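This briefing covers the fold, the sheet and the salt bridges of one protein model. Please keep the sequence and the structure in view while reading.

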Amino acid sequence: MSPYAETVRVEVDVEDCSTVLLADWDGDDAGDVVWSVALVTVRKAMAELSIVYQHGDGIPFTVTIADHDPGADLDGYEEIVEIDFLSATGEISLIGWCMDWDDTAMRRLPPLPAGPGLHRLRYHVCSTLEKRPDFAGNHHYLQIWPAQPSPPVVVKQGEWIAHLNDAAT
């Protein structure tokens, strides 16, 4: 059997907070923080992905869902982090942070090939702190695949993560 991977591109609208949510709704609330790493906070039913933009419509996200580790794009992005994510349903969506919940704003992603269970998120960000990048391009790339438990890790640190680390000390 050959490895499975599907890549989709979606656009999300963000009203505030520089956050896009990866949601796995099983009828329960999002819960408390389970794991965190620079740029990603994982709760029981969602992951909060930090984005370069404070707000905007049509912010592009590329997502690869695979049954194996698809490999990090070390040359294409300045910031890359990995973290575990527990899917209760195997069905996930992306939604921009909104003042009022809007089901029509959810961008349903392909089902996780392994179904419910532990998955690894690898979040790539093309960023700059000097100026606001345009919405064209591939600034946010998320990879998801089934994995064994692993600690959160910064795979590649650029100026944004360095700035966050400096602010925390």
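A contact here means heavy atoms within 4.5 Å. Among contacts between residues at least 6 apart in sequence, 79% join residues at least 24 apart. The model is predicted: local features need pLDDT of at least 70, side-chain atom pairs count only at pLDDT 80 or more, and totals for chains, interfaces and linings use all residues. Residues are numbered from 1 along each chain as its sequence is written, and side-chain values use heavy atoms, with hydrogens and water left out.

**Overall make-up**

- The protein has 12 strands and one helix, where helices (H or I, at least four residues) and strands (E, at least two) are DSSP runs numbered from the N terminus.
- Along the sequence the pattern reads β-β-β-β-β-β-β-β-β-β-β-β-α.
- Of the 169 residues, 44% are buried; buried means under 20% relative accessible area, exposed over 50%, and partly exposed in between (1.4 Å probe, protein chains only).
- The accessible surface is about 8,200 Å², and carbon and sulfur atoms account for 50% of that surface. Areas come from the Shrake-Rupley method with a 1.4 Å probe, and for residues only the protein chains shown count as cover.

**The open sheet**

- Six strands form an open sheet with antiparallel pairing, in the order β3-β4-β5-β2-β8-β9; two strands pair if DSSP finds at least two bridges between them.
- β3 (33–37) and β9 (107–108) stand at the edges with a single partner strand each, so one side of each has no neighbour in the sheet.
- Strand β2 (residues 19–23) runs antiparallel to strand β8 (residues 93–96), and four bridges join the two.
- A23 has S93 as its bridge partner in β8.

**Salt bridges**

- The whole structure holds five salt bridges, each a side-chain nitrogen of Lys or Arg within 4 Å of a carboxyl oxygen of Asp or Glu.
- R43 and E48 form one of them, at 2.6 Å from N to O. R43 is partly exposed at 23% relative accessibility, and E48 is partly exposed with a relative accessible area of 23%.
- E82 and R120 meet in a salt bridge at 3.2 Å, N to O. E82 lies in strand β7 (residues 79–87) and R120 in strand β10 (residues 117–125), so this pair ties together parts 38 residues apart in sequence.
- E82 is buried at 12% relative accessibility, and R120 is buried at 4%.
- R120 also forms a salt bridge with D84, with the closest N and O atoms 2.7 Å apart. This pair links R120 in strand β10 to D84 in strand β7, 36 residues apart. Both R120 and D84 are buried.
- A network of salt bridges links D69, E82, D84, R120 and R122.
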